[in-house]
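Hi,

Here is the structure I promised to pass on. Have a look at it first, and then read my notes below.

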Amino acid sequence: MTRYFEVHQRDGAARKGSLYLNKTIPTPTVIDTSSLKPEAEGDIIYPGNQWHFGNGKTATQATLGLRDRVGKDKLIIMPSCTYSPMITGEVTCEKIDVPAEEGPTGIAYSERDPETTRDLYVADGIGCHEGNPRRLLTALIDIRKNIAPDSALYAPNIALPENVAMLIYLGVDILDTTRATIAAFEDKYMTPVGFIHLDRLTELPCCCAHCSGMSAKEVKDMDKKQRARLIEKHNIATLETEVALVRQRIRSASLREYVEGRCRHDPALVAMLRLSDAEYDFLEERTALFKPAALLATTSESLTRPEVVRFARRVQQRYTPPEKDVLLLLPCSARKPYSISMTHSRFRKALGKNLKLVQEVIITSPLGIVPRELEVTYPAAHYDTTVTGYWDAEEHRWVEECLEDFLLKHPYKHIVAHVEDEYRSICENVSNKLGLDITYTSDGNVTSSTSLHKLEDTMKELCDGLSYRGDYRRDMLKAIADYQFGAGSGETLLPSDSKIKAPFPRYQAFLNKEQLITLIPENGTIALTIEGAKRIIETGNYVVNIDNFVPRGSILAPGVIDADERIRPNDEVFICGDKAFCVGRAAMSGPEMIHSNRGIAVDVRHVKKL
Amino acid sequence: MTRYFEVHQRDGAARKGSLYLNKTIPTPTVIDTSSLKPEAEGDIIYPGNQWHFGNGKTATQATLGLRDRVGKDKLIIMPSCTYSPMITGEVTCEKIDVPAEEGPTGIAYSERDPETTRDLYVADGIGCHEGNPRRLLTALIDIRKNIAPDSALYAPNIALPENVAMLIYLGVDILDTTRATIAAFEDKYMTPVGFIHLDRLTELPCCCAHCSGMSAKEVKDMDKKQRARLIEKHNIATLETEVALVRQRIRSASLREYVEGRCRHDPALVAMLRLSDAEYDFLEERTALFKPAALLATTSESLTRPEVVRFARRVQQRYTPPEKDVLLLLPCSARKPYSISMTHSRFRKALGKNLKLVQEVIITSPLGIVPRELEVTYPAAHYDTTVTGYWDAEEHRWVEECLEDFLLKHPYKHIVAHVEDEYRSICENVSNKLGLDITYTSDGNVTSSTSLHKLEDTMKELCDGLSYRGDYRRDMLKAIADYQFGAGSGETLLPSDSKIKAPFPRYQAFLNKEQLITLIPENGTIALTIEGAKRIIETGNYVVNIDNFVPRGSILAPGVIDADERIRPNDEVFICGDKAFCVGRAAMSGPEMIHSNRGIAVDVRHVKKL
Amino acid sequence: MNLNDRILEIRQRQRIKKAPNNEPAAVWTGRDLLQGEVTDTLTLIFKTSGCWWGIKGGCTMCGFVYDRASTPPSPEELVQQYEKALERSSGLQEFIVKIFTSGSFLDEKEIDATVRKQILNKLEADKRIKKVIVETRPEFVTKDTLTSCTEVLKNTGFEIAIGLETSNDVIRKRSINKGFTYASFSRATHLAHKKDVTVKAYLLLKPPFLSETDGLEDIIATIDDIADLTDTVSINLCNVQRGTFVERLWERNQYRPPWLWSIVRILTESKKNHPDLVITSDPVGAGSKRGPHNCRECSHMVADAIRDYSLTQDITILENLNCDCKEEWETVLELDGLTFGCPIKS
Amino acid sequence: MNLNDRILEIRQRQRIKKAPNNEPAAVWTGRDLLQGEVTDTLTLIFKTSGCWWGIKGGCTMCGFVYDRASTPPSPEELVQQYEKALERSSGLQEFIVKIFTSGSFLDEKEIDATVRKQILNKLEADKRIKKVIVETRPEFVTKDTLTSCTEVLKNTGFEIAIGLETSNDVIRKRSINKGFTYASFSRATHLAHKKDVTVKAYLLLKPPFLSETDGLEDIIATIDDIADLTDTVSINLCNVQRGTFVERLWERNQYRPPWLWSIVRILTESKKNHPDLVITSDPVGAGSKRGPHNCRECSHMVADAIRDYSLTQDITILENLNCDCKEEWETVLELDGLTFGCPIKS
């Protein structure tokens, strides 16, 4: 099968890729709609609607003829019935019998034949849903779930500078200039935050090559055609710049933050952001285990973004605290990981040798709670949030819910909270709700010497007679292993006779002088050696099964036979094949590995030939 | 006194104005920093720091010499000690004795002489606070409060494309290119949402005249000087475009929404937005009674914006409901005013003739509660919000607080709530908290016929035997008068023998065939005739005292002797002078009228010579 | 589910207007061309039991089906309808009578043969009436039905009007759901011409799913196809009628009525190609959101020009029309075929 | 509140380092120019009761005040400090001794006349020592103090070093808070020269509040002013010392140490103007955030060149230095004077 599209980089559901046609087109991209016409010599060609051809046979013949004429390096979209979304899928359309093997092809999503994978799918009728966030979201997610991950998705007649970030965020690869052009003919001057009627402009708020040096008056005075062509050029430049910025944000793995800002100018786009967060499974599957960029939490929607919810869920479902009797609740710090901050150093100094007897849990927004052992994971060590001292009621609700869940799952003899202000009110609310006693040790300033003394004294009293045989460093590695590979993985990876070396936090675990794992603080994950991987492989977690070959450098998607569906981009994965056993980093999710025919699936780090 | 700056338009604390120098410079603006140098022939000139001159006398002489050389249509900024913010105001500086009368002048804020009003003040040292939202906000508000409203505020060495909207939102008029230029020499490529290092760019995400046609590689390959000059041009173009967009948003009275989106890319800017909302008095004083634009509520910060808080406060402090025994709580509708929506029509139809016996109150986010009588006021009839069906805990808290306040102030015999979902949970929470019984009449769908029947039947039962002599139309006008002019104003304006005419909502009130007021539904305010104004003038509310002249068209600030401090831009005001009594719309706030020496204070509508 | 089921679903939710059975659904007077002369017309819409095809679901754009009677009118009531309608002709000297039933005049389930004869007799008797035009689906055009008419209307012209909509069977089926074929139409015209009955074809510009260009080209092609089969072509511009499938689409941003510039182009081109064929169009609802429209500035002016042309057949009336929005329409023509099911908003 | 009060406030919060009184605060060896020859140096910082001016608040950039003893050292301890320091000279043949006290060697409250004499005697006795340089504030330079030194140091050169910082009285007062005037310095130099005592002036590049350009121009002007009064000029590049007013500014983004390009330009220009004057600079802390710096790439290379030049007085060493960041510095020179109290970040 021929494949003319490849995804290179992912940021959630958004993708950066290339269409390999006559020219290589980097995606996401905006195509000039009129270039689709067969006579326009573009790289993506549309022969015309089925209505135009009269019947399916004529349309098929015309399409085959076009293929002969343009050769095999242009993408041809099958003639469509262009049924309205209200009836697509219910009313049948004539099939256009053009094979996918003879060159790159595309088809309207509603008219696809599930047996034939195309290089491109058209989200037909999608433009009709603009302004209806629920329908638009449902339609896009439906398409993205049902087409191959390595097919490009083209959303026609919908792109506006203000909505393209959202559309690309949800998985669209190709947009077009239709609305920018039509707006121009209606004197609608586009800006990144919506259009302004030319009448209302007293200057042109733009620096594009077409606008620069022009006054609003000059443009208003032009004749219609000239004016429309100028505004069209400006509108398209604005749209293309926005898409270029979005490409840049995918590259730097920070599209989410961009979308959170960009959507504010339209209540419907904000609704779409909120509703999309409710589609957790769809987004989470596509969200990398960690990103090279900091996670910025600057809106109430930060509480529901997939990285944050996933972190809280993994703490709930994968994390088991070491067995200790005393729980200490602490406030977060701006510096990360928390334990290197000035405040946490002082807390820990106050605990002295009792530190190892105490389970520390940090209270924070938007992450909820962070057990000390997980403080270096992503995003616990990689978020930056707006600090004003005020936590709104939704932050309270969310963080209290996380704390409540933890306290219900893990009972402690003593709970101490060295917190103040909002943190204290959170502890009090949860303590009241659950009927649990909490001892408070701060006099209103957690770093005052009275507070620190009280913490020290309280802990001395509570820890008197307690002992703990565990090693914090192993506890930390075990917790991270559980977080990363599923509950119980830590136990498997770090047997009691393993040894931990190296200074915090760059820990390494050895067994009989063989290294098993390394903690990589930059991204908060643990990397395994072949020896380490051998131990965990038996659990079946995070395994990728490959064909009968020895990988070099990277494994491509077609080489993958099966993959754990829990694998996310950047996950540490274990590759099993007849000829080799390897360790690597996933470049795509498990489901994407299974359903893709192109692209790098895994970057391999260690290979052991079998 | 000479004045070379004038404010034409306000949007909250932001202003659009002009500097009348050699050229007229529209503000807010970005000036080329190097144009400040005396040899650069710019319109704003800075002779140099005091350190450079050695002592105050030399500096004064140099400045006077410069004035002689450049003439009176260039603005000269007094040589400054450039003390750091840490000590400004504490350590004295030598005074530069250049009079303000000889041409436009500016001075560093910290070195100002309170006796002399300058055309421009420099927020000296402000750039040091970048990244510290609390300090930056405090500094800006302090300056803006202490200088004349018709002086321009220049914030040097701080402007970045991402922060200028916020700075202008808080009252800055002039910014400069220093940071854009320096960033260029550090290969920092600015975008509207932060800079990107040139190294990390594979394309230039910009369409400015300088970037267009250039690839990232070409730029990287240039020699340092050429590269820096190119990036500088790009950076400045990006900055200027951002400021042009902000000017446009002030023009369309929608800067707040723009800032709410723009700030998301930097946690410190979001903190600044949140902290600034806590400076309610500062912002509210500058916020117009109504705006020509819809209020978009798309973030949790929408709950704290001045228009929203002011509405809630006026409902609490100025509004008195007519005396009725039955209260009906209703959900809001997308269409405004609510009563023209399909749902509200059906509710009111179900009430039938009992409608007039019932006090209707609408529950909504972000406004809290809207008594039916105020549904046409701004922003009750002019907001648009994100609807997903989910209300977050902070919205709950805020709306419940508003409802609670209302129920505590105004006891009813019967409370009926025809609501469902989140609205119902709000009613239930408040009812539990206050121990008040609420009857619910919806079966889960407020417009189902069962629900509407239940509403109808319940109301029939509760209203049986009740009577109400009032007229809804008069109640509405009275409520709006109270909302607009202060509690009790309605009673004064609408005596019991006045007559209401015209169809909803364009009501007019007459007394003895003389018209008193007209309701203007477009902006939800009432406009008074001279006869109407005569009645209210006795309360002293919203009065502007002017000098001994008969105004024509508009009253300029210097003509104002005194003004009610409660006056906000767009308020209906009553002008009293020895020679005339007039009615008009305020163009600026009362305090601004008092403290300004330039600009239109009031647009006069009716004039009566005395 | 097929298109007809969807239409039927919509039909079932719409109420039929209540109105007395002894009054016609509508009557109005107007002007039309009769052998090159502008002549008064009286249009009469009978309230009958309704179009058999419409009742089963029927055409995507047709809202006339709700004009039918809720209980079938009696023969007497039908005659009363005629009498009441003819009262409106009191001021006319010579005129054409156009008869519609929201279905087929020749369908005997709507108007039975006796009543038909009664009415035709009355028409023949009124000497002011120069021509009678009746609308019918082609399946009711038979030797028998034609003869039953022509044998009464001896001194009065007779014309049958058929809503062909398009000569393209795929569009007629998959977009309009018309329920008959081009062959059926063609057969009916041949029968009519044999009986010296003239034929008018109604065409539909821009049925659902078609782009502005596809719609425009379809009508031009249709006129070329039928020029020899018909005496008159009347082009209806699809408008959004209540209770129709098209209305549902329109409410969801899935349909836009045609531009008036499109019909201007069609008339200009087709008239040039077929100078002897009478080609008319009455832009019903022009300028409203639900009707064919250009921009606000020019819609009414262009609609008036179309009406003028229709009465004069003089295309010079159409040649000098202009407005700024014409540029936009040209761009729409270029792009509307490339939107994959979402019409261009404008 | 004046500047001195602010400085004092900061001083009071900073702890004095604890260290034994019988050891010098610091000792190191280095190299310097002596009559055109590169000569070894032994630098000795006495721990005394401290600079009287610094204790009252004192200079904005000075952190040496924390090097003082917490209790005043006894005469014996001071001599012990000297002895311990001289141990470090064991490998040297001929050398210069530079004596600092973090205050004034000639202030008898720091080092009383008897101890001073004892130490000078020891210096005079050590034949390897070619020259003694002592630092002092100008108010302690009197006929008496000078004589008391010169009468001991008969065969050893003697030089007094004064931290003039700038010839501009306004800057010295309002920015540095130095506590003496140019007149006082000038008087001291005249006294010294009368006694054949040479004079070295320390200057300070970029004290607080001054822009890069103002700082640069101030030093060039100062050198022009004092060229005839001093034998050597040594330019200190302001760096951010712990517990200083400058440190507080720096922590709040309100101070940036000078660029190394600035001292390169000063040395080049001033040396051209005064070829016979020894003009040196030791870029302490160069390349660190707290010290003078260019970009990361070139700071160390440029600092080395400055040191080389200082030993050779050969400006050609400075003439071919280059780096991409020089363009940025030139822009900073252009704009830093236009920032109104907020130094340009870079």
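In which loop of chain B is P366(B) found? That residue sits in the loop between β15 (358-364) and β16 (368-371). Keep in mind that this is a predicted model.

P505(B) belongs to the loop between β20 (499-501) and β21 (508-511) of chain B.

Now for some backbone angles. Most residues other than glycine have a negative phi. A502(A) has a positive one, about 75°, although it is not a glycine. In chain A, A502(A) lies in the loop between β20 (499-501) and β21 (508-511), and at 34% relative accessibility it counts as partly exposed. D196(C) is another non-glycine residue with a positive phi, near 60°. Look for D196(C) in the loop between α7 (182-194) and β6 (198-205) of chain C; its relative accessibility is 68%, so it counts as exposed.

Next, chain A as a whole. It has 19 helices and 29 strands. Its radius of gyration is 28 Å, close to the 25 Å that the globule rule gives for 610 residues, so chain A is as compact as a globular protein of that length. Along the principal axes, its C-alpha atoms fill a box of roughly 90 × 65 × 45 Å. Of the 610 residues, 66% are buried. If you take contacts between residues at least 6 apart in sequence, 65% of them join residues at least 24 apart. The accessible surface comes to about 22,100 Å², with 48% of that belonging to carbon and sulfur atoms. As for charges, chain A has 77 positive and 85 negative ones, and their mean positions are 4 Å apart.

On to how the chains meet. Three pairs of chains are in contact, and chains A and B share the most contacts. No contact joins chain B and chain C, where the closest C-alpha atoms are 17 Å apart. Chains A and D have no contact either, with their closest C-alpha atoms lying 17 Å apart.

Leaving aside residues up to four places away in sequence, T331(C) touches T181(A), I182(A), F185(A) and R229(A).

Beyond residues up to four places away in sequence, its contacts include F180(D), Y182(D), F185(D) and Y202(D). V233(D) is 69 residues from L164(D) in sequence and 9.9 Å away in space, C-alpha to C-alpha.

Finally, the annotations. An unreviewed UniProt entry lists residues 542-609 of chain A as "domain: PUA". That span is 9% helix and 49% strand, and its end C-alpha atoms lie 20 Å apart. For chain C, UniProt (unreviewed entry) gives "domain: Elp3/MiaA/NifB-like radical SAM core" over residues 41-269. Here the span is 39% helix and 18% strand, with 27 Å between the end C-alpha atoms.

Cheers

Note on methods
Residues numbered from 1 in each chain as written. Chains lettered and ligands numbered in written order. Predicted model: local features only at pLDDT ≥ 70, side-chain atom pairs only at ≥ 80, totals over all residues. Heavy atoms only, no water. Helix = DSSP H or I, 4+ residues; strand = E, 2+ residues; numbered from the N terminus. Rg over C-alpha atoms; globule rule 2.2 N^0.38 Å. Buried < 20%, exposed > 50% of the residue type's maximum accessible area, 1.4 Å probe, protein only. Contact = heavy atoms within 4.5 Å. Areas by Shrake-Rupley, 256 points an atom, 1.4 Å probe, with all protein chains shown as cover. Lys, Arg positive; Asp, Glu negative; His and termini not counted. Charge placed at Lys NZ, Arg CZ, Asp CG, Glu CD. UniProt positions renumbered as here; feature names shortened; annotations may be inferred.
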